[in-house]
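Trainee: Could you take me through how the packing of helices and the pairing of strands are read from a model?
Mentor: Let us do that with the structure shown here.

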Amino acid sequence: MVSQKVILYQLFPRLFGNTTTQMKVDGSRSENGSGKFNDINNTCLRELKKMGITHVWYTGVIEHAVVEGYPDNNISDGNPLVIKGKAGSPYAIKDYYDVNPDLAEDVSQRMGEFESLIDRTHKSGLKVLIDFVPNHLAREYGSDSKPEELHDFGVDDDTSQSFDANNNFYYLPGKKLMLSDAIKKRFPDRTYEEEVAKATGNDQFTATPDINDWYETTKLNYGIDYSNGGKKHFEPIPDTWTKMKHVLHYWAALGVDGFRCDMVEMVPVEFWNWVIPQLKQAFPWLIFVAEVYNPKLYSAYIRQGKFDYLYDKVGLYDTLIDVIKGDRSALDISECWQQLDGLDKNMLRFMENHDEQRLASRFVVGDPGRAIPAMAVSAFMHQGPLMIYNGQEVGEKGEGPTGFSGDDGRTTIFDYWNMPEHQKWMNDGLFDGALLSAGQRLLRDAYITINKLCAEVAIGDGLFYDIMWQNSQNEAFNSDKLYAFLRYSQKQKLLIVVNFDTADHSASVQLPSHAFETLDIPRPIKIDFKGLNTKLGFAAGSEELISEGLPLVVEALGYVVLEMEY
């Protein structure tokens, strides 16, 4: 059975559906607006499906801390001293059993509105992922939506102990939380009390977190005693493990198809080994995507932790960013897969997400079309999934200061804000792209073409063969600007050549004799090359391909996908 390649669309509802055009720096919810679950209508979902998307990752769904509450719905204001931005961080969870009320038209019906979105998404032929944030939660966490029989996080903790295997938090007995002056000066008239200080989310076991720390969060205790050399206390099963299993089960039972798991490497792999098989036994269709940045841990989190996919950030993403900037050679791309120890099919490839700078920003390449070759490599290089961040396909720039977030080329996740280029495609809920420029239409079409090519058997289900080792010695092939590889299965064999240069490139692409053996292509033989994204066709003999190569022209910032027939 041929596997369908996962193409994931990261959609931030608070930003995605916001139609407000005039933004106020550090503006309130009423001033700057907020997108809603209901803004993601059937037309939108049909268009995403037509774009080639298979899964939608709804970011910022679970209730997180916000400054302005909803008193009529018994949701109190949050303390701005421990909230980043007025809209708050979607990774500072306030209630694991509720959704962000900012995303509801009727706050009292917020969970029903999210369930309706799940239903609409499924009826459109798409799957639903949400964030699971297991390492830390908001300083002001408190669930008013959990099942009554459950004890909330920290309620049963012994706060006199810095560590106890059944505590949900790590404590600093005898110390009060002391926020830094840099944090307090933003709100000089406010105070925040934490009588027994808890460790901060980014593994800061101190009562004085800095403004650059995740000071708005507290670290969860999975049974590792960091004060005693990281000694592990996993038997009996720690209370945090049991609570988190219940959280995952709760959302899966509502119809969620998978989880993008935040900062996975800060949570012991043994927990994932314990929880993921249990969830998949109850919900076999679930997929788990891990945000992991340490390549030394990749194998552990796939093979022991049982994750389906991991971020390929430190390897392929970082390399491709340097290649499109002109700081590295395309030949360096080969090092990425060589270091993966056979985990290529488990790597989630992307060129944007909420943590990274926008491609169209002045901090990366400015012209988003320059990233199309990188997207082609990300999509076609192996069986693993591809991800697109909302607005990427129309050149969203992430320009200007917004409030808590500065002018750094990222679309803020902490402030009430909009995506002006995306709004042109959204067109007040019509999702017809009527306001896009000609250049934006071409850019979006380029993404759609890449996505549709992912449906080719060899790309979705085939194997990968790098031919750069042969062509790096080929004088008729510029290995600084061109990257070439094969994708193959029993049913289909493809030659793919990508051009990172702003000029057309003529090249003669050689196929190694070893490739014919690996792809099980007999020799000598004549091969016809049929273009899948071009009308051009070629023909060449196997011995000619080995000794001289296939002559072709790859357009500036373009690529060719050629099907081999014999």
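**Helix packing and strand pairing**

Mentor: In this predicted model, α9 and α11 are roughly antiparallel to each other, because the angle between them falls over 145 degrees.

Trainee: At what angle do α9 and α11 pack, and how far apart are their axes?

Mentor: As a general idea, two packed helices are described by the angle between their axes and the distance between the axes. Here helix α9, residues 313-325, packs with α11 at an angle of about 155 degrees, and their axes are 9 Å apart. The crossing in which α9 passes α11 is right-handed.

Trainee: Which residues in α9 and α11 meet?

Mentor: From α9 come L316, L320 and I324, which meet A374, V377 and S378 in α11. Sorted by class, the residues of this contact of α9 with α11 are five nonpolar and one polar, with no charged residue.

Trainee: How is the packing of α11 with α13 described in terms of angle and axes?

Mentor: Helix α11, residues 372-380, and helix α13, residues 438-453, pack at an angle of about 15 degrees, with axes that lie 10 Å apart. Since angles under 35 degrees count as roughly parallel, α11 and α13 are therefore roughly parallel to each other. Their crossing is right-handed. On the α11 side the contact is made by I372, M375, A376, A379 and F380, and on the α13 side by L443, A446, Y447, I450 and L453. By class, this contact of α11 with α13 has 10 nonpolar residues, with no polar and no charged ones.

Trainee: Are the residues of α11 buried or exposed?

Mentor: The residues I372, P373, A374, M375, A376, V377, S378, A379 and F380 in α11 are buried. Nine of the nine residues of α11 are thus buried, so this helix is largely enclosed by the rest of the structure.

Trainee: Turning to the strands, in what order do the eight strands close into a barrel?

Mentor: In general, strands of a sheet pair through backbone hydrogen bonds, either parallel or antiparallel. In this model eight strands close into a barrel in the order β1-β2-β5-β10-β11-β12-β13-β14, and the pairing is parallel. Neighbouring strands of this sheet are turned by 30 degrees against each other on average, with direction ignored.

Trainee: Over how many bridges do β13 and β14 pair?

Mentor: Strand β13, residues 347-350, and strand β14, residues 386-389, pair in the parallel sense over two bridges. As a detail to look for in the structure, R349 stands opposite L386 in β14.

Key: Residues numbered from 1 in each chain as written. Predicted model: local features only at pLDDT ≥ 70, side-chain atom pairs only at ≥ 80, totals over all residues. Heavy atoms only, no water. Axes fitted to C-alpha atoms, helices over the stretch in contact; angles between N-to-C directions. Helix = DSSP H or I, 4+ residues; strand = E, 2+ residues; numbered from the N terminus. Parallel < 35°, antiparallel > 145°, perpendicular 65-115°, else oblique. Left-handed = near helix turned anticlockwise from the far one by under 90°. Contact = heavy atoms within 4.5 Å. Nonpolar A, V, L, I, M, F, W, Y, C, P; charged D, E, K, R; others polar. Pairing = 2+ DSSP bridges. Buried < 20%, exposed > 50% of the residue type's maximum accessible area, 1.4 Å probe, protein only.
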